[in-house]
Every structure is written in structure tokens, then in C-alpha cells.
Amino acid sequence: MSVRTSTIVLALAALALPSAFAQTVSVFVGGERGWVDQPVQSSLTREQVTNEYLAFRANPVAPDGGQFVGGEMGYVFPAHTYARVNGQWVCTDKIAHNPPPAAVKSPAEQRAFQAQYPA
């Protein structure tokens, strides 16, 4: 087989590979078999996926507030902005300054963390 034929075969195989795993999930079963691919049924129709994509393209804002700008920048996340007012720095954005709830662990979560990762 020539180099050109080999290159074409590899390119076609690489293009077909993502479609082979579009509707499957890999499950680890252990032993000699290792991973097994199982089919997954989608809960959305093709039209619903297309509509969701078009809605995102019309308003490219992610749930975390980041905005998709494309190119090398990709996503731009919102940042705090400050201005000097009467000699004081004042926040001029509407982003909350308190930590998200996931960052503050309850006493039960702290005990579970200490049990799992002892110092």
C-alpha cells in the first residue's frame, strides 16, 4: 500500500470515529474486557438540539455568566469592575461578592472531607 493510500485511509477512519461513539457510553466492567460500550438513547430530537444551538448562537451567554466570543479567546468570564467615587473604591458591577454556596461546607461535609482526606 502506498503512503498516499495509507494517508487517505487514516483520514477517513479519523473522520468516521466520532460518529461511531455519538450514541454510546463506555462502562468499566473490569477484568480482561475492561471497558464496554453501551448504547444510550437521546432524550432530545434533532430539531430540539438545532433550536437549542440556534438560541445559543443568538445569545452566546453560558449559565455561569461567561460569554462565548469565539476565536482564541473562547469564553470571556465576567470580572468585577471598580471606580473611584469620593476617594473610595466602589464596585460598579452587579456580581455578588459573597462566595457561592458550594464553597462553604456544612459541618457534616467538613467531617466527611476530614474522614476521607485525613491530614
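Asn 86 counts as exposed, at 77% relative accessibility (exposed means over 50% relative accessible area, buried under 20%, and partly exposed in between, with a 1.4 Å probe and protein chains only). This residue sits in the loop between β5 and β6 (88-91), and has a positive phi of about 50° without being a glycine.

A word on the model itself: it is predicted, so local features need pLDDT of at least 70 and side-chain atom pairs count only at pLDDT 80 or more, while totals for chains, interfaces and linings use all residues. Residues are numbered from 1 along each chain as its sequence is written, and side-chain values use heavy atoms, with hydrogens and water left out. The average pLDDT of the chain is 82, and 87% of the residues score at least 70; pLDDT is the predictor's confidence in each residue, from 0 to 100.

As for the fold, the chain has three helices and six strands, running α-β-β-α-β-β-β-β-α from the N terminus on. Both kinds of element are DSSP runs numbered from the N terminus: helices are H or I with at least four residues, strands E with at least two. Among these elements, helix α1 (residues 3-20) has the lowest mean pLDDT, at 70, and strand β5 (residues 82-85) has the highest, at 93. Of the 119 residues in the chain, 8% are buried.

Then there are the aromatics. Rings of Phe, Tyr and Trp (its six-membered ring) pair if their centres lie within 6.5 Å; planes under 30 degrees apart count as stacked, over 60 as edge-to-face and the rest as tilted. The count by this rule is five aromatic pairs. One of them, Tyr 75 with Phe 77, is stacked, at 6.4 Å centre to centre with 20° between the planes. Ring pairs also link Phe 56, Phe 68, Tyr 75 and Phe 77 into a cluster. Tyr 75 belongs to strand β4 and is partly exposed, at 40% relative accessibility. Its C-alpha atom is separated by 9.4 Å from that of Pro 60, 15 residues apart along the chain.

Met 73 lies in the loop between β3 (67-70) and β4 (74-76) and is exposed, with a relative accessible area of 59%. Together with Val 69 and Val 76, Met 73 forms a nonpolar surface patch of about 270 Å² of accessible area.

Notes. Patches are made of residues with over 30% relative accessible area and no salt bridge: like charges are joined within 9 Å, nonpolar side chains (Val, Leu, Ile, Met, Phe, Trp, Tyr) within 5 Å. Accessible areas come from the Shrake-Rupley method with a 1.4 Å probe; for residues, only the protein chains shown count as cover. A salt bridge is a side-chain nitrogen of Lys or Arg within 4 Å of a carboxyl oxygen of Asp or Glu.
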